[in-house]
Amino acid sequence: MEIIQIVGLGLVATVLTLVVREQKPMFAFLLATFTGLFIFLYVIGKIETVIGVLEQLADRSGIPSIYLKTVLKIIGIAYIAEFGSQIVRDAGQESIASKIEFAGKILILVMAVPIISVIVETVLGLLPIGS
Amino acid sequence: MLNWLAVWLQQIIAVVLLAGFIDLLLPNKSMQRYVRLVAGLIVLLTILTPIIRVLQGDFSAKLDSEVEHWFNADPAKELHMPTLQDIQENAAVLKQREAASASALAEKQIEDAMTAGIEQATGLRAAAVEVRMKAAGKGQPAQIASVSVTLARAEPPESEPQEEGSAAASGGGDNAAVDEVQTVQVNIDPLPSEASPNSGESQVKPVSGTIAEAVKSVLREGWSVNPALVEVLELVPDGASAR
């Protein structure tokens, strides 16, 4: 039933935004932002279940916990960057939004650096020159 | 053997499932390429695990430490990216050093010129001239804070060394012929700021009277130094001071 609540909230907020936008575009933007924040925070608690399942999976299969940590960090970065860039895009600042997304992409790539370094070291260890 | 193979396959399956999950959880398409790269690397690492283990032993601890090191280190320090504050501090230090070396150079040159000037004008031989300069403020030239002239000891042939100062002073002539002195004393480092130069068996003593006046007037005319800032000292040999 929560999806009904969320969709209802979204619809009400949309109508209100459309009404207010004629008079006060600023308030329309704030309304949209806070609705988005509310839904985000409302649902972010639910994701705990998914994360729990993932942790269990990782535990039982014995993959290093580093992998799971990295993956979860990536998801978090992607969500937060997406959320922020959408808010900024709502306010009409397309360029800032794309910068936020760019930062998110960079941070995701940074997550890969330790893994890449281990792989590169292994490959170098395979070669007779490297050893 | 079979057990090990089973664990390995289990790991691969789990990691691939994980990668599928994050692909599903991603908010938008634009991040997908990047996330897929990282997920692919993780899958690759899992598949390579047996090879890595053969080559390098237990690598997961190494990976752990590397990740911890990578994420916990202060990024600014780690990458040596100077902040604006660092740059400004460096600039201040460099500026200070530059000013110090410039004033040291100026002090040295003034000291040399003063030594030559005193010798030329009064005939007295200055063993050491110490000039202290202080910055007057931003954008203004530094000014002379104090001058300390240490005269080499003049040795008149007929009089006792101790009375030489007064003898020369009573002589009165600025250009009175003063014998060339061999300045054998090596110890020319007593600073004028040190306690009192004439206490104990120190090797300099302040000079008053005409010699000091002459030196001060030379400095005033040549370099417009306030006579109050000038200190005239004289080297006293150990034997004379002991007596």
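Me: Before we start, what should I know about the model and its numbering?
Reply: It's a predicted model, where local features need pLDDT of at least 70, side-chain atom pairs count only at pLDDT 80 or more, and totals for chains, interfaces and linings use all residues. Residues are numbered from 1 along each chain as its sequence is written, while chains are lettered from A and ligands numbered from 1 in the order in which they are written.

Me: OK, what's the secondary structure of chain A?
Reply: Chain A has six helices and zero strands. Helices here are DSSP runs (H or I, at least four residues) and strands are E runs of at least two, numbered from the N terminus.

Me: And how many helices and strands in chain B?
Reply: Eight helices and four strands in chain B. Along the sequence, chain B reads α-α-α-α-α-β-β-α-β-α-β-α.

Me: Switching to the interface: how many residues of chain A are in contact with chain B?
Reply: 34 residues of chain A are in contact with 37 residues of chain B. Contact means that the C-beta atoms, placed from the backbone, lie within 7 Å.

Me: Which helices of chain A supply that side?
Reply: Helix 3 (47-61), helix 4 (65-90), helix 5 (94-111) and helix 6 (113-126) of chain A each supply at least two residues. By type, the side of chain A that touches chain B has 24 nonpolar residues, seven polar and three charged. Nonpolar covers Ala, Val, Leu, Ile, Met, Phe, Trp, Tyr, Cys and Pro; charged covers Asp, Glu, Lys and Arg; the others, Gly among them, are polar.

Me: How do helix 2 and helix 4 of chain A pack?
Reply: Helix 2 (residues 25-44) and helix 4 of chain A pack at about 165 degrees, axes 10 Å apart. Axes are lines fitted to C-alpha atoms, for helices over the stretch in contact, and angles run from 0 to 180 degrees between N-to-C directions.

Me: Parallel or antiparallel, then?
Reply: Helix 2 and helix 4 of chain A are roughly antiparallel, a label for angles over 145 degrees.

Me: Which residues make the contact?
Reply: Phe29(A), Ala32(A), Thr33(A), Gly36(A) and Phe40(A) from helix 2 of chain A, with Phe83(A), Ile87(A) and Asp90(A) from helix 4 of chain A.

Conventions: Two residues are in contact if their C-beta atoms, placed from the backbone, lie within 7 Å. Angles under 35 degrees count as roughly parallel, over 145 as roughly antiparallel, 65 to 115 as roughly perpendicular and the rest as oblique.
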